[in-house]
Amino acid sequence: MNPTLTPSWQQLGALAPESGAVHLRERFETDPARAERYRAEACGISLDYSKNRIDDAVLKALLALAEARGVSTLRDAMFSGEPINNTEGRAVLHTALRKQDAAPVRVAGEDVMPAVREVRQRCYAFAERVRSGAWLGFTGATISDVVNIGIGGSDLGPLMVCEALKPYADGPRLHFVSNVDSAQIVATLKGLDPARTLFIIASKTFTTIETLSNARTARQWLLDAAGGDEAAIAKHFVAVSTNREKVTAFGIDADNMFGFWDWVGGRYSLWSAIGLPIIIAQGAQRFDELLHGAYEMDEHFRTAPLASNLPVLLALLGIWYINFLGARSQVIAPYNQTLHRLPAFLQQLDMESNGKGVRRDGERIAYSTGPVIWGEPGINGQHAYFQLLHQGTALIPVDFILALRQPDTLASHQRTLMASCFAQSAALMRGKTADEVRAELSARGFSGDALEAAIPHRVFSGNRPSNTLLLDELNPRRLGALIALYEHKVFVQGAIWDLNSFDQWGVELGKQLASGIEAVLAGTADASAYDASTQALIARAQASGA
Ligand code: F6P
């Protein structure tokens with residue numbers, strides 16, 4: 001179904017030119033109540049969306065669009081295990097992984113919940129043995145360091161969460177290796193004692209070349225230290241995968257494998273056994289809290305009216321900018337340093353889900369879909385990319401994310417952090433007029449031509465939109481809710497654009513070509529199948545002797 005044919009889409013198109021005509025500053029001056037009106041709260045997260053170029057008419061039309069596109073129906077189909085991933089014929093049930101009530105969730109008639117609980121309990125029991133010192137390495141020593149080897153969804157989720165919750169960590173040290181560039185694994189292993197290191201090989205498919213290459217290198221490193229004793233492998237390697245055959249073929253005992261299922265997408269998998277590094281670093285109780293927070297957001301998404309539904313609101317605001325006001329990207333600016341990998345995580349979540357150009361039925365799309373997601377911690381961004389947000393020519397909506405309380409807080413630092421976050425959204429919204437600049441510079445002694453020449457460079461156009469998401473505290477439960485909020489935002493946008501947000505065919509072509517090119521570089525195939533540019537690059541690499 002083409003969303004552009006709905007009456008609400010047409011109506012939004014008609015409202016768009018007007019919306020740019022009224023400056024946000026003016027909207028606040030004439031309607032200060034908008035701060036209260038355009039605010040929603042759930043699961044300890046409050047969303048201020050008043051600094052957006054919207055009014056009641058726009059919001060009403062956006063909500064009508066969500067209704068017209070059947071967002072609630074598709075949502076219910078997802079939660080109930082229908083195969084909404086239509087190109088792969090799979091259910092989409094990351095929500096089952098964090099479900100806290102006793103109701104069954106059926107896939108093709110079978111309740112998946114007993115298996116979900118069983119694997120989780122195995123992960124908890126294993127993690128506890130590692131954490132308590134009961135799990136011993138090949139010399140009988142306890143585990144001091146855990147290395148997760150995985151990439152994409154098998155890396156970013158656990159890495160982001162482990163970083164976000166680092167102040168709470170009380171288990172062995174965690175390391176993450178994802179890049180096939182040996183610089184990463186070599187540097188990681190350099191500081192580690194093989195006798196006290198545990199590797200988690202995390203790969204849904206267990207076919208990913210980067211992960212398997214790193215896993216082989218780690219295996220050899222361990223064997224070298226263990227005098228070639230293969231029995232040492234079982235004490236130092238576990239796998240998280242859906243592919244038992246490939247795991248055992250790699251040499252990891254099936255007893256050391258933690259499974260998950262094809263209805264868990266890689267980028268949605270941190271709630272499954274892929275979360276094992278989190279469980280080892282944080283313990284079962286805090287992982288339970290993470291799941292609980294996500295479940296609370298699931299329930300909010302499932303039951304709250306669309307008009308006060310946080311994921312729906314975030315999604316609709318995005319649609320407004322992308323489809324009607326010409327925005328092509330979205331900034332994620334977390335202010336808490338421990339959330340520093342959140343932009344990268346959300347980049348995969350959003351861009352791998354909604355970076356699509358055909359509808360569910362394969363029809364080519366003529367409207368914009370998933371935006372470029374980017375960002376860095378906001379406070380660092382202020383001294384880097386924020387220049388472009390304030391004075392550049394592109395319209396780039398920003399999500400400011402700030403937890404008001406967090407462990408290890410120094411009050412004066414926290415005050416500066418909060419003030420900076422609030423100041424940036426205010427500055428983007430209000431801007432600074434030429435008159436204001438003139439008055440300011442005149443007071444500083446500027447006059448004449450020098451004054452006039454200085455003004456344009458110091459003007460801020462303002463009217464630049466943002467959301468501010470405040471978490472009452474940065475803890476596992478709130479983090480779970482925050483991640484689920486964005487997962488569902490992506491879902492709602494995909495539903496409106498009529499995309500299958502749960503496949504990722506777009507990553508396949510590059511993988512296929514890479515394996516062919518690797519054969520050329522290894523000298524077992526010739527380069528004639530490739531274009532002139534690629535042949536020249538291969539030739540240059542070969543000539544370098546690399
Ligand atoms: O190449 C993309 C991708 O398939 C992601 O979707 C996935 O998260 C990542 O690779 C890793 O895949 P796997 O867990 O199967 O190794």
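In this predicted model, a polar side-chain atom of Lys511 is placed 3.3 Å from an oxygen atom of the ligand. The protein covers 87% of the 390 Å² of accessible area that the ligand has on its own. The ligand itself sits in the largest pocket.

**Ligand surroundings**
- The ligand has 14 residues around it, and those that come nearest are Gly153, Ser154, Ser203, Thr205 and Thr208.
- Sorted by class, this shell holds 9 polar, 3 charged and 2 nonpolar residues.

**Polar side-chain atoms at ligand oxygens**
- For Glu352, the distance from a polar side-chain atom to an oxygen atom of the ligand is 2.9 Å.
- For Gln348, a polar side-chain atom lies 3.4 Å from an oxygen atom of the ligand.
- Lys511, with its 3.3 Å distance, also has a polar side-chain atom at a ligand oxygen.

**Annotated positions**
- An unreviewed UniProt entry gives the feature "active site" at Glu352, His383 and Lys511.
- These positions span 160 residues in sequence and the farthest two C-alpha atoms are 36.7 Å apart, so they do not all gather at one spot.
- Of these residues, Glu352 and Lys511 are included in the lining of the largest pocket.

**Domains**
- The protein is divided into three parts: domain 1 is made of 3-81, 288-430 and 465-503, domain 2 covers 112-282, and domain 3 covers 506-544.
- Taken over C-alpha atoms, the centres of domain 2 and domain 3 are separated by 32 Å.

Technical notes:
Residues are numbered from 1 along each chain as its sequence is written. This is a predicted model: local features need pLDDT of at least 70, side-chain atom pairs count only at pLDDT 80 or more; totals for chains, interfaces and linings use all residues. Side-chain values use heavy atoms; hydrogens and water are left out. A residue is near a molecule or strand if one of its heavy atoms lies within 4 Å of it. A polar contact is a pair of N or O atoms within 3.5 Å; within protein, one must be able to donate a hydrogen and the other to accept it, and residues adjacent in sequence count only if both atoms are side-chain atoms. Accessible areas come from the Shrake-Rupley method with a 1.4 Å probe; for residues, only the protein chains shown count as cover. On a 1 Å grid over the protein atoms alone, a cavity is a set of points where a 1.4 Å probe fits but cannot get out, and a pocket is an open set with protein on both sides within 12 Å along at least five of seven lines; lining residues have an atom within 4 Å of a point. A molecule sits in a cavity or pocket if more than half of its atoms lie within 2 Å of its grid points. Ala, Val, Leu, Ile, Met, Phe, Trp, Tyr, Cys and Pro count as nonpolar, Asp, Glu, Lys and Arg as charged, and the others, Gly among them, as polar. Domain bounds come from an automatic or database domain assignment. UniProt positions are given in the numbering used here, feature names are shortened, and annotations may be inferred rather than shown by experiment.
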